[in-house]
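Some labels given to a structure rest on a cut-off.

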Number of protein chains: 2
Amino acid sequence: MKRYAIGVDVGATNFRLALVDSRGGLFHFRKFEVGAPRTAKGVVEQVGRAVEELKRASKGRIIGLGVGVPGIVDYERGCVLRSPHYPDWVHENLRDMFFKRTGLSTHLDNDANLIALGEMWKGAARGLRNFIMITLGTGIGCGIVLESRLWRGERGFAGEAGHMVINFDGPFCPCGGKGCWERYASQKGLKHLIEISQNDAKAEFLRENGGDAELITPEMLSNAAGRGSPFALAVWKMFGAYLGAGIASLVNILGVENVIVGGGLSKAWEFFADAALIEIKRRTYAETAERIILRRAELSDSAGILGGAKEVFSSRDRHQE
Amino acid sequence: MKRYAIGVDVGATNFRLALVDSRGGLFHFRKFEVGAPRTAKGVVEQVGRAVEELKRASKGRIIGLGVGVPGIVDYERGCVLRSPHYPDWVHENLRDMFFKRTGLSTHLDNDANLIALGEMWKGAARGLRNFIMITLGTGIGCGIVLESRLWRGERGFAGEAGHMVINFDGPFCPCGGKGCWERYASQKGLKHLIEISQNDAKAEFLRENGGDAELITPEMLSNAAGRGSPFALAVWKMFGAYLGAGIASLVNILGVENVIVGGGLSKAWEFFADAALIEIKRRTYAETAERIILRRAELSDSAGILGGAKEVFSSRDRHQE
């Protein structure tokens with residue numbers, strides 16, 4: 001009987017899941033909007049129903065559930081300590097809740113970690129022993145793979161790279177700090193960059209895009225850049241420079257040469273990647289700079305699902321050794 | 001016959017060495033000023049002579065040499081790529097040169113890495129599986145220990161934390177970047193902080209200390225702080241805040257809870273440590289912040305020597321397994 005794992009990727013606005021076989025084949029991909037209530041219990045119930053549906057659809061044996069969530073996860077305990085998108089989740093043991101709801105042995109991890117595992121299994125990081133995965137969404141996610149294993153830190157708290165400082169006296173961040181990386185190189189950051197950009201073409205750009213800087217979306221900015229708007233191109237370039245500065249810090253600290261960039265904003269890759277690479281090379285020694293490979297993620301929506309499933313299969317293999 | 005390793009710590013202005021036994025006992029400690037020529041060959045010759053002297057003084061068998069140098073070291077190849085203090089050293093295979101000069105099997109590593117190993121063996125990091133070692137000297141050195149092993153990165157380039165960005169548009173750094181951490185939290189950084197500090201007591205402080213801001217040493221600043229100079233205290237506090245911001249970034253990235261601070265400037269610990277800890281806690285999530293332990297190094301001058309010797313003994317043990 002064929003074995004499957006179920007991978008689930010819980011995002012800020014929707015969750016995605018699928019059956020995954022041991023070779024990385026993906027079946028019955030589903031995407032649902034997260035409805036109310038957005039409490040831990042509420043979300044586990046919504047995901048749980050979708051998992052039941054997959055169980056019924058499956059013709060094989062389901063050996064476990066791998067769930068990625070945004071936020072700080074205590075991996076050993078299976079506990080979400082905080083999530084930027086789910087303020088109700090404070091020290092919630094989602095792993096136990098998922099196990100109780102679905103009857104499936106569950107792995108719970110930070111979403112960026114599972115995306116890193118997914119890209120390592122089937123995407124842009126295949127064959128890499130060491131790499132840094134950056135996901136550009138509402139904030140910045142980061143998964144660090146050292147010697148082919150996720151480095152989670154002492155309690156799963158590693159990879160909070162979005163909160164490394166990029167400007168000592170920069171804008172306040174909900175984390176308590178100031179000038180954190182994700183105040184610049186994320187969707188939130190993009191808003192800030194639009195705000196601070198003073199460019200002759202700004203007025204024209206705003207006029208063409210509804211007039212309110214607060215309501216500019218990354219898509220609007222990409223579309224405008226595609227049409228050659230000097231303002232939009234300048235904002236993406238600045239975005240790339242800030243992204244690159246942070247990546248340079250990570251490379252200088254970790255001595256890792258491969259960096260994969262994914263997440264929703266990576267769709268604008270063509271508008272920011274060159275600026276990012278220039279900044280990375282400027283801020284690293286020549287010996288390091290010449291070896292750095294900056295690459296775009298390949299799996300988009302399915303990376304986290306594959307990573308979650310991979311966790312399940314790997315853990316099974318470890319236990320059977 | 002008793003076995004010894006020789007540990008050598010090459011600094012910017014002098015080098016120190018000693019015989020070390022397998023239990024960490026330190027004998028015949030010597031300190032010499034580095035004379036001309038400061039080329040790779042010149043320094044190897046000077047260290048080589050001192051090693052010869054130790055060999056003669058030793059009553060046991062010397063099994064190897066462990067040498068720490070400032071700069072970027074390609075650990076696998078035993079090669080110094082660059083050193084901030086020895087501009088002549090460009091891609092010099094010091095390991096081979098030491099071996100040829102002394103006949104001793106040689107380990108060559110970055111100085112901060114060996115200081116981390118020394119503190120782990122006999123100092124402030126005893127018993128820690130994971131920690132970050134920061135050395136505050138002319139620049140910032142950094143050794144990262146994960147799961148009881150040095151993390152050197154793919155080619156020994158990890159730990160260039162002094163060049164992580166702390167201010168995106170900050171002052172230029174010889175590395176090519178701008179606003180690097182060591183432009184603030186090092187001896188070079190202290191000069192910069194004195195320069196930018198605008199404090200009512202600055203004029204008085206300068207008057208009492210020779211009048212020239214360029215010539216203020218860390219010792220002068222510590223002495224003044226000890227006498228209660230508001231200017232000196234404010235500069236050390238700012239130094240601590242910048243130090244703490246960078247450490248917070250490292251903690252956010254690596255998820256490591258123990259940080260050891262050594263190097264010459266750590267003598268001023270009492271004047272900057274509180275400010276550093278406040279800044280670290282401000283810039284990390286509560287769950288992380290409450291676990292962070294910031295500690296002062298214990299071994300000062302002998303840490304690098306012990307670390308170099310430890311490398312020799314550990315490698316011997318690995319080979320005999």
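A residue counts as buried when its relative accessible area is under 20%. The model discussed here is predicted.

Q: Why is Asn113(B) called buried?
A: Its relative accessibility is 4%, and the cut-off is under 20%. Asn113(B) therefore counts as buried.

Q: Where is Asn113(B) placed, and which residues does Asn113(B) touch beyond four places away in sequence?
A: Asn113(B) belongs to helix 3 of chain B, residues 111-122. Leaving out residues up to four places away in sequence, Asn113(B) touches Cys142(B), Gly143(B), Ile144(B), Leu150(B) and Arg152(B).

Q: What makes the pairing of the side chains of Asn113(B) and Asp109(B) a polar contact?
A: The two side chains are 3.0 Å apart at this contact. The limit for a pair of N or O atoms is within 3.5 Å, so the pair qualifies on distance.

Q: How do you know that Arg155(A) forms a salt bridge with Glu257(B)?
A: The closest N and O atoms are 2.8 Å apart. The rule asks for a side-chain nitrogen of Lys or Arg within 4 Å of a carboxyl oxygen of Asp or Glu, so this pair meets it. The count between chain B and chain A is 6 salt bridges.

Q: Which helix of chain B gives the largest share of the side that touches chain A?
A: Helix 7 of chain B does, with 8 residues.

Key:
Residues are numbered from 1 along each chain as its sequence is written. Chains are lettered from A and ligands numbered from 1 in the order in which they are written. This is a predicted model: local features need pLDDT of at least 70, side-chain atom pairs count only at pLDDT 80 or more; totals for chains, interfaces and linings use all residues. Side-chain values use heavy atoms; hydrogens and water are left out. Helices (H or I, at least four residues) and strands (E, at least two) are DSSP runs, numbered from the N terminus. Buried means under 20% relative accessible area, exposed over 50%, partly exposed in between (1.4 Å probe, protein chains only). A polar contact is a pair of N or O atoms within 3.5 Å; within protein, one must be able to donate a hydrogen and the other to accept it, and residues adjacent in sequence count only if both atoms are side-chain atoms. Contact means heavy atoms within 4.5 Å.
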